[in-house]
Structures are given as C-alpha cells and as structure tokens.
Amino acid sequence: MRQYLRHPTEMPVELIARKQQEHQQLNNISLGGVACNSQRNFKRGLWVELHVPLLGSEAHYSGVIAWCRKRASDYLVGIAFTDEDNLFRARMVEQVCQIECYRLQREAEVGHSLPIEEVARDWIALHGAAFAASGHA
C-alpha cells in the first residue's frame with residue numbers, strides 16, 4: 001500500500017461525494033493520498049471533495065476513495081490523488097492542519113496563546129523534513 005498522510009483527528013473533515021470526472025481513470029491513482037476518519041462507509045472509486053471546515057472555504061481538495069476500512073467506531077478512509085494540483089493542495093492543507101494541532105498542544109502546555117509564526121517555525125524545524133518525505137508513492 002502507498003504511504004498516506006494521516007489527517008489529524010482534532011481537525012474534523014467533510015467528505016462530499018462528487019460526480020465522476022470522465023477525463024480521468026481510476027487506475028491512474030499513483031500520487032499517494034491522505035487517510036482520515038469518517039462515520040460513513042465509502043465505496044472504492046467514489047470521487048470526493050475533502051473539506052476541513054475549521055480552516056475555512058479554501059481548505060479543500062479532490063480525490064478518489066482508494067480504500068475504506070471498518071474500525072471499532074468508525075471507518076478509516078484513504079483518499080488518493082489523480083493529479084499534481086490536488087496533491088499539492090492537499091499537502092498544503094494537511095501541513096496547516098498539523099501546525100494548528102501543534103499550536104493547540106503547545107498552548108495547552110504553556111498555558112497561554114502563542115504567535116502562529118513562532119509555532120509554525122518550531123513545527124517545521126521539528127517535523128518539516130519528515131512531512132516532506134511522507135505521502136509519496
């Protein structure tokens with residue numbers, strides 16, 4: 001199985017079914033993807049739009065359900081990318097999600113708010129190299 005970026009559970013997502021795009025074939029999903037939790041079971045091959053509501057209307061990207069696994073209380077869903085634009089968009093959104101989760105964790109540890117720029121620099125120094133290397137086929 002390809003390596004999929006793991007979306008943080010602290011940042012809920014919406015998976016919205018879309019009509020299949022006629023010009024792309026499902027067998028071309030070779031760019032990697034993102035895995036997230038869902039209360040719903042999704043069929044392999046379904047085109048979806050993934051949206052992260054906490055980050056606003058621009059935090060979304062398209063993909064195809066590559067796999068869906070039943071777990072104790074939900075499903076783990078793998079969303080694969082079929083083009084470089086959606087791969088790039090997804091990686092940017094996922095990095096923002098990771099930094100936001102790190103910010104919340106750090107603020108809970110220190111007991112006060114922290115400047116996002118400082119938190120982002122710290123996260124990139126700690127995790128940036130591993131994040132850049134992950135999620136590729």
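Cys 36 is buried, at a relative accessible area of 0%; buried means under 20% relative accessible area, exposed over 50%, and partly exposed in between, with a 1.4 Å probe and protein chains only. The model is predicted: local features need pLDDT of at least 70 and side-chain atom pairs count only at pLDDT 80 or more, while totals for chains, interfaces and linings use all residues. Residues are numbered from 1 along each chain as its sequence is written, and side-chain values use heavy atoms, with hydrogens and water left out.

**Confidence**

- The protein has a mean pLDDT of 82, and 85% of its residues reach 70 or more; pLDDT is the predictor's confidence in each residue, from 0 to 100.
- Helices (H or I, at least four residues) and strands (E, at least two) are DSSP runs, numbered from the N terminus.
- Over residues 22-29, pLDDT stays under 50. For residues 22-29 the model has 14 contacts beyond four places in sequence, a contact being heavy atoms within 4.5 Å.

**Sheet layout**

- An open sheet is formed by six strands in the order S1-S3-S6-S5-S4-S2, with mixed pairing; two strands pair if DSSP finds at least two bridges between them.
- S1 and strand S2 (14-18) are the edge strands, each pairing on one side only.
- From one strand to the next, the twist averages 45 degrees.

**Strand pairs**

- S1 pairs with S3 in the parallel sense over three bridges, and Leu 5 stands opposite Val 34 in S3.
- S3 and S6 run antiparallel and are joined by six bridges; Val 34 has Ile 79 of S6 as its bridge partner.
- The pairing of S5 with S6 is antiparallel, over six bridges, and here Ile 79 in S6 is the bridge partner of Ile 65.
- Four residues lie between S5 and S6, which form a hairpin.
- Five bridges link S2 and strand S4 (residues 47-51) in the antiparallel sense; the partner of Ala 17 in S4 is Val 48.

**Burial and helix packing**

- S6 is mostly covered, with six of its six residues buried.
- On one face of S6, Tyr 75, Val 77 and Ile 79 are buried, and on the other Leu 76, Gly 78 and Ala 80 are buried, so both faces are covered.
- S3 is largely enclosed by the rest of the structure because five of its six residues are buried.
- Helix H1 (residues 84-110) lies across S1, strand S3 (33-38) and strand S5 (60-70), and runs at about 75 degrees to S5.
- Axes are lines fitted to C-alpha atoms, for helices over the stretch in contact, and angles run from 0 to 180 degrees between N-to-C directions.

**Cysteines**

- A disulfide is a covalent bond between the sulfur atoms of two cysteines.
- The structure holds zero disulfides, the cut-off being a pair of cysteine sulfur atoms within 2.5 Å.
- Cys 36 is in no disulfide, and the nearest cysteine sulfur is that of Cys 68, 9.2 Å away.
- From Cys 68, the closest cysteine sulfur is in Cys 36, and the distance is too far for a bond.
- Cys 68 counts as partly exposed because its relative accessibility is 23%.
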